[in-house]
Each structure stands twice: as C-alpha cells, then as structure tokens.
Amino acid sequence: MLDGVSRIVCAVVDPAELTRNTHPSPLYRASAESAFQSVGRCIDLLNTDSDIYKTALSLIPHYTPGTEDYRMLEAVCKEYEMDGIHLPFQERDKAARIKGRITDLETMYVREAQEGGFFVYEDKEGWGGRAFGEDTMEAVRNAYKGQGGEVRDGETQGVTEPWFTGNMLRLVPSSSVRRDIYYHENTKSPLNLSTLEELRKERRDLAVLLGYKDWCRKIQQGKMADGKVGRFLEGVKKKERGKWKLEMEELADFKRKYITNGLNGNVEPWDVPYLQNLITQKELEEGGEDEFEWNGTVSEAVDKLREWTDEFLGYQLQDRPFEEGEGWGTEDSSGYLTKSALVDGRGEDVGIIYFDLSPREGKYGHSAHFTITGGYEEWDPTYTVVTGRSTPRVCVVMNIGGRDGKARAGAGELETLFHEYGHAVHAVMSRTRYQHVSGTRGPTDFVEVVSHVTEKYAGRGEGRWRGIERYTQAMYSEFDQRCFGVKGEGRGGLDIWRGVNEEFGVPYMEGTHWYTGFGHLSSYGGVYYSYLWAQELAGVIHGKIGGEGKKERVNTFRKLVEPGGSKDPIEIVEGVLGREIKLG
C-alpha cells in the first residue's frame, strides 16, 4: 500500500520532470512545470501525515534487517524524518515552508545555469568559421540575430553553449579570442550568484532545524561515504596533486617553447584545453599512440551501445516505433530522438529506453537520464496477489552537435553517452518488488558507481590528462562541501570559489564565477564527491570484469544492478568483488 502511494505520485512527477526539461513546446514545458510544482506540494502534505509515518515505523520490527521490505520501510521513515515529521507541529510547518522554498530555488538555479547566453566578441580572423564552418556560424547569427549586443566590424556573435565554447577554447589559436570566450562562458549565469546564497541559507536552516550541523551532514546520511567524505577528498587531492603539477608544467613548457618563444609560460585558464589539444595532436603526428580517438555520427555512437549491451548485459538493444502521442519531437525539429527496447534472451522487453540526443531551444542543456516509470511488481487492488511486473521506461538526454542538425559525437561525448546509458540500464534492469527502491532510487554515491563502470567501456581509458581532470574534480567537490558545510559558513560563494582555486593552485580569472553555470550544485549539492568516489570503486570493479568471460561479465553486471536500492550498497559491491572494500 505504501509503495502504491509512491507509484501514484511518481507516475506524475517523473514524466513531468522529463517534459519540463526536454519538450520542444513552451506550452508543454510550462504545463509540466505546473504539474511538477503542484504534485510537489502534495508530496509535502503527504510527508507531514503522521499516521502514514507511524504505520511505517510500526511495521519495521516485523521484518528482518537488510531485506527489501525492511529497507523499503526504513527509506519511507527516513524521508518523513528528513521533512521534520518528528518535530513539534509549528517547527514541522516551518520545515515544510523551507523545503518548498528550497525546491523553488533549486529549479531557479538549474534553469539559469542551463540558459544559453548570447555575446559579441572580437574575431577579425574568423576563427569561429574555421572551427565550425561558415554554415554553422551563419546559423548561429541567424538564430540569435539582434541578441548579445551590437555587432561591429571585426566582431561576431557567439553562444554560451558547450558545443560552441568548448570547441572554440580547444581549437582557436588566438589567446585574446579564447580569453573573451572563456570570460563569457564563466559569467553567463549572474543571477545564480544571489540564488546560490539564498539556497545555501535555506538548506542550512532546514538542516539545523532537523538536528544536523549543516546540509552536508544531512544529505550524506545513509550514503556509502557517510562520515568519510572529508578524508576521502583530502586523499584524492594529495594523490592527484603530483600528477596535476606535472601535467601543468608540461603545458607551460609547451607554451614557452612553441607559442611565446620562451617569453611567457604562464598557463591561463583559457589556455588549458587549447594546449592539451595541441600536445595531443603533436604526439599523434610524431607516431604516438592515441588512447582513443573517435568521431562518428550519433547513430554510430548508439550502435556501440548495442554492441556493449550484447557483450556485457546479455541483452539486445532494439529499435521500437513510437506509438501515437508517445514522442515529443516535432516535424521541424531536426535531431536524434528514438525509442529502443532492452530485450532479453527470450525476446521479451525488459524495459524501454528513449534517446533524446540533439540540442534544441528550451531543452535541458546538460547530459542526464530521466526515469519515467520504475520497475516493480504489480499487485491486485487488495495488494495481496502479484499480477505481473511493470515495464520500466527511461530517457537518456544529451546535446550532441550544434543546432544546425550536423551531429557527430567525439570521444568525450561517446564516454558521456555510455555514462548516462549506465544509469538507464541500472533503472531498467533492477528486479525489485517495490518502486520506491527500484533502479537508481538509492544512495547517490552508489548510483554513480554503475554509470562510471559503464563509461569505462567507451574506450577512452584513463585519459591523457587524468591528473588535471581528477584534481579539478576534487576542487569542485571541495567547493561543494564548503558551500553547504560548516567550513564555508560566513563566506559568500564567490569568496569560497576564489579560495579553493587559490588553495588548489588552479589558474583563476578574476571576475568569473564558473559555478553559477554548474547545475549539479542544485541536484548534487553536498554530494558532488560521489563522482570521484564512484570512479574509485568503478576502477576496481572494471578490473575484476576485465578478467572474466562473457557469462561471468553478464552475471557480474546483473549482481550490480538488479538489487537497485533494495540492498545495502556496500553489501552489493563487496558481493560483486568477493572482498571487503576500503575507501576514505
């Protein structure tokens, strides 16, 4: 019965979440936003119902700890307690108001972070056209005509979207052009400067009201790294600093030798992707081995998922036609939007996975997976007889290519596609009884483990610039911990950001605020460390799978994903590895 309530609520909230983030129609997006907010208020009311809480609490002693029934009831009770059900009525009401405000601020933050900005920059040499082709630049100019300021001679128009800024920073030789683009990319969401401060305050107030010292302590409760995050991040920082320093010195030496004729080897933040690309290309020209270079169509990228699905899951990823009214594309919206089924050895559909992989106006600007329907046992109206299983449905969302419809995926995008597909198969392949603990409805730092294992099969290996990448991720994670923990109290977000850059020794451009475009501070606030944590565990699991045959690989992956959130994640991982794990 309790899970039945969860199913009814999620049957509205989950599709609304996808629709408000991806639908091409502003009307649909607005309607979905309204539905999402309305049901959110209903959830807030449900979570103040003491009768439901007391009933769930009274049932717990009747089940064995560690079983799915026990964990389901425990999860329900913890959620109620996180909303203040144990508080006196007035404080409970206050907690509900704060939580509602937090939800509003999180939505505002993500919306502003993903909003594409338009800007004018000096580009007398026409580097934009050289990087993307004149047709693409003309499409940008036409799409954003009149926006971003007056365009004078020698200037052109740019857009703060990853497909544009990322490639310009990687390919353009002009330091002044790169600097201009870097500045605009990292100042594109100024409204989030104040939104984050309010979000930090509201999260802290709620945490303290519920009896925690800060938001980090509240949100990390029950996670794999509960109580270990600080030590873990300090360990990563120390471990990766040496590699980061060597790689930065390599960039500086290259700049001094080949670009500034020995005059200046200072590596600015807008230099990093450009110098990395130059060095990598030079190594290839000199006969060095590229760990992985890939550039294919989006369809070819999805075909690689099909191959991996057969080899590691023992299933087939097969195309399916959209039923009437099922899709959300339009006739004039070019791009990649398909429906596929994960099919088992008996030819039966295990679940449905949609792929929405092309950018468009109003669409969520980052990569993600959205659960539409969870997997669970279906019951008769009396909740006494199991009548079947639901068909889980998930959507993988990315933005590959520009808005001109010429979509090709590079190695990094292929890796991201595998990462999000890992989330999707986790959601689709779990075999839990209850929706409330199905798929990715579990501790964040475990959910990320599965996707990081999967992304390793995109073929990139550890990466040429692993030291810079992991050290930077450690800095982002530390910033997140200070934003929402006691270490950052009394300091503004911009001051904290400057501070962690200085402490880590990472080049910083004064006046920029990268984090205001970082939507994960909303969805992963206090738990962004999960990515690094997951990478550590994924490396160990990947090593084990590497020595297995197909049958063993399939069994290993099923052990990892089928329990969903119905088992202790440490128990799941140790069961897969056959030994105790020690991190942090």
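Me: For residues 467–581, how far apart are the end C-alpha atoms, and what is the helix and strand content?
Reply: This is a predicted model. In it, the end C-alpha atoms of residues 467–581 are 24 Å apart. The span is 62% helix and 0% strand.

Me: Which UniProt feature covers 467–581?
Reply: The UniProt record, an unreviewed entry, gives "domain: Peptidase M3A/M3B catalytic" at residues 173–456 and 467–581.

Me: OK, on to the sheet with β4 in it. What is the strand order?
Reply: The order is β4-β5-β6-β10-β7. It is an open sheet of 5 strands, and the pairing is mixed.

Me: Which strands stand at the edges?
Reply: β4 (316–320) and β7 (368–373). Each has a single partner strand, so one side of each has no neighbour in the sheet.

Me: And how much are neighbouring strands turned against each other?
Reply: By 30° on average, with direction ignored.

Me: Take β7 and β10. Parallel or antiparallel, and over how many bridges?
Reply: Antiparallel, over 5 bridges, with β10 being residues 393–397. Within that pairing, His369 has Val396 in β10 as its bridge partner.

Me: What lies across this sheet on the helix side? Start with α1.
Reply: Helix α1 (residues 2–22) lies across β6 (349–356), β7 and β10. Its direction is at about 145° to β7.

Me: And which strands does α14 lie across?
Reply: Helix α14, residues 298–313, lies across β4, β5 (337–343) and β6. The angle between α14 and β4 is about 135°.

Me: Switching to β1 and β2. How do they run, and how many bridges join them?
Reply: They run antiparallel, and 5 bridges join β1 (residues 118–122) to β2.

Me: Is β2 enclosed or open?
Reply: Largely enclosed by the rest of the structure, because 4 of the 5 residues of β2 (residues 155–159) are buried.

Me: Now cysteines. How many disulfides?
Reply: The count is 0.

Me: Where is His436?
Reply: His436 is in the loop between α15 (411–429) and α16 (444–455).

Me: Buried or exposed?
Reply: His436 is buried, with 16% relative accessible area.

Me: Which side chains does the His436 side chain make polar contacts with?
Reply: One is the side chain of Ser6, at 2.8 Å. Another is the side chain of Glu79, also at 2.8 Å.

Me: What else is it in contact with, leaving aside neighbours within four places in sequence?
Reply: On that basis, His436 is in contact with Asp3, Ser6, Met72, Ala75, Val76, Glu79 and Arg441.

Me: Last one, Gly211. Where is it, and is it buried or exposed?
Reply: Gly211 is in the loop between α10 (191–209) and α11 (215–219). Gly211 is exposed, with a relative accessible area of 65%.

Me: How far is Gly211 from Gly374?
Reply: Their C-alpha atoms are separated by 32 Å, and the two residues are 163 residues apart along the chain.

Methods: Residues are numbered from 1 along each chain as its sequence is written. This is a predicted model: local features need pLDDT of at least 70, side-chain atom pairs count only at pLDDT 80 or more; totals for chains, interfaces and linings use all residues. Side-chain values use heavy atoms; hydrogens and water are left out. Buried means under 20% relative accessible area, exposed over 50%, partly exposed in between (1.4 Å probe, protein chains only). Helices (H or I, at least four residues) and strands (E, at least two) are DSSP runs, numbered from the N terminus. Two strands pair if DSSP finds at least two bridges between them. A polar contact is a pair of N or O atoms within 3.5 Å; within protein, one must be able to donate a hydrogen and the other to accept it, and residues adjacent in sequence count only if both atoms are side-chain atoms. Contact means heavy atoms within 4.5 Å. UniProt positions are given in the numbering used here, feature names are shortened, and annotations may be inferred rather than shown by experiment. A disulfide is a pair of cysteine sulfur atoms within 2.5 Å. Axes are lines fitted to C-alpha atoms, for helices over the stretch in contact, and angles run from 0 to 180 degrees between N-to-C directions.
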